[in-house]
Amino acid sequence: MDNKKIKEISLKELLSPYLNKWKYFVVMIIIMALLGIYYIKSSPQIYKAQTSVLIKDAKKMSAASGDVNVLQNFGNFNGMGTNSIENEIGVFKSKTIVEDVLKEHNFQTPVYAKQTFNSIELYGTTSPFLINVIQEKNDTELPKKPVSVKINGDKIILSSEEWDKEIQTTYKKTTSLPFAVIMFVKNPAYQALSKVKLDDIYFTYTDFASTVNQYQEALLVDLLDKEGTIINLSVDFENREKAKNFLNSLVKQYNEYAINDKNLESKKTKDFIDQRIVLISKELGDVETQKEGFKSGNNIVDLQAEAGINLQLKEQTKNQLLELGTQLEIHRMLKNSLSQKGTSDVLPLNIGLENEAALNAIKEYNTLVIQRNKYLDEATPDNPIVKEANKQIQQIKTSLTESLQRNITNLEFARRKAASQLGGSESMISKIPTQEKLFRSIERQQQIKENLYLLLLQKREEAAISMEITSEKARVIDRAFVLKKPVAPKKPVILGIALFLGILIPFLFIYLKQLLQSTLVTRGDVIRLTQLPVIAEIPKLKNKQNNLISFNDVSPMAEAFRILVTNLKFLLPKKDAPHVIMVSSSVKGEGKTFISTNLSMILGSSRDKVLVIGADVRNPQLQRYNPLMKSAKGLTEYLSDEETSIQEIIHPSGYNDDCDFIYSGSIPPNPTDLLQSNRFDKLLSLVKDLNKYKYIVLDTAPLLLVTDSFLIANKSDVIIYVTRSEVTEMKYIEFLNHSVEDGKLKNVGIILNGVEDANFGYGNKFGYGYQAEEKKWWQIFK
């Protein structure tokens, strides 16, 4: 056999137990499907409600752009103007915001109405009344059972399985319960639901802290997009309106938090700015006073203008000194020239002299000298005219010398004054850098204080405006809405799980049964444990089925025994003498007497005479097929009493004319000694000598329990070893193998008795046997 065929056979053997038990799978699938349908019907429908909001980013400023966020620079306002979307998600998930939402809604006492399969939550307009929790009672055990509510007009009767007596109350009246003080209020907006029974109404109660935990766990908050600031909020609730109210209130409460926080920040900002304005105003006044004192102390109106004037004056003074020096030298030169020259010499005129009086005097002097010289050309020095001219020249010369000397004196004074003025200008100019540095420092402080003062005034106005026009931080993109299809119970999933369990449970049952199976079940189990041939599989007796087969019986049981006889004949030796067939088993209850009796019936149906000998004298079983023969003489009487003849112990079977029985008789005290005696050999010899019976069937004791059967095993031609499906332990086959190997048993054929229809190795579909009638589809579970 090739590997492919071996694998195919192994796969068939592996799947065979499950395929044979297909009814288990069908029944379990149907049961689990019904349970799944019941679970779906009895479970309330849960709907998903969700909303989405856009978190507006706070304004962020940067110093690089010139819009300095002053508040961020102040130590008392760290973190303002920033926005972290993870922080906002944390706010939505926080216990505080859920607590504030639940304080607005009464979610501690949900009201339900019992229906056929489940209960429906009544909320909002669907609830005939509202339950307000006035006060919780601390240190009391919370109710585990619901509180039933019966309404008769304005009278309300409360009852619970945990209470000893009912509690009566009415509307708008405080009612003390074991766990809380509540008040019933009529719902003015109540509208009865159609197709909803209100005969049985009840409510449940949980304390506020537990309710907050439940709603906090039910709330799912996540980002719609990791790169964006849109937050998605969702809950899975039974009541749709309740879910929408919870989500809308959550967003509303979040915006109230944001507005309050922002107004608080604006108020603190305004107060802070007011304090800073007072301080900056004082500092600004001090700086301006310092500036005023600096200008007054240094006689400065405008430092830049003063510096320009001094520079200009310096240049003018330098030029003036140059001019004065030039004129002074010219005057000195003229004075020297005048003193050195004679009466006939003229003085230089166009040499840059700027004194008009001196110039006029020189011109007059030169004119007289020229006139004198002309006089000398026509007269002598002693001429009165010449003398008069000399006199005039000498007068003018003296006057001119004095004039030049006065001019020289004036020029020297003017030069000293200009030099002094130049020194003062240079001194003033040298002081300007120091004054400018000090003045710029004072002026810079003034400008800083002024800018900061103006900016604080602006921010104070912005904070005041912000307090008046604060907008919501979370802009609602989608108001709370509920998906049309419920998210639970998930029908396909539940039915899929039911189908899976319907397959898994029988599979595990069969698998574990096989895993823990210590008994023989199928023909394959026997084949795997021994080399001995399996000559027949006998089907299990059905309820009310006769233990004995009848003449011309075509039932599956009869066909199985016919197969047994056919296979048995291959084991019997070829001889004319009667064949001795020993039938035994490992332990009691494996059906050896049943096999012996029915085997004799089949052997006798071919008109061959058969004798069945009840050789199990310890536990006689052959009499049960004919209760009237319980007191009849049998094998024990023959073996223990030599006077008992063989004719006294042979009795007709009463079922088949060709089949006779030798019953076991009374139970002896020494069965082993009786079977070892020569009386048993003599009995077999006498039966053979009768030449009447073709087959002698020995119904013996179990081999594993006593040695009786081993004593007579060598007297048989063939040994039928009976095993029983789901009864015979596998280790018993090991005992059989050792017995055959040791030579205690020879020519052994194994019968597997009590086989379920599904466990037959072959020849079975809905029945067993060639002529078995196939069952219809409605009979397969019978």
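These questions and answers cover a sheet and a helix pair in a predicted model.

The model is predicted, with pLDDT of at least 70 needed for local features and 80 or more for side-chain atom pairs, while totals for chains, interfaces and linings use all residues. Residues are numbered from 1 along each chain as its sequence is written, and side-chain values use heavy atoms, leaving out hydrogens and water.

Reader: In what order do the 6 strands of the open sheet stand?
Author: Strands are DSSP runs of E, at least two residues, and helices runs of H or I, at least four, numbered from the N terminus. Two strands pair if DSSP finds at least two bridges between them. The pairing here is antiparallel, and the order is β3-β2-β10-β5-β6-β7.

Reader: Which strands stand at the edges?
Author: An edge strand here has a single partner, so one side is left without a neighbour in the sheet. The two are β3 (119-122) and β7 (167-170).

Reader: Which residue in β3 does V111 stand opposite?
Author: Strand β2 (residues 111-114) runs antiparallel to β3, joined by 4 bridges. Opposite V111 stands L122.

Reader: At what angle do helix α5 and helix α6 pack?
Author: Axes are lines fitted to C-alpha atoms, for helices over the stretch in contact, and angles run from 0 to 180 degrees between N-to-C directions. Helix α5 covers residues 95-104 and helix α6 residues 208-218. Their axes lie 9 Å apart, at an angle of about 115°.
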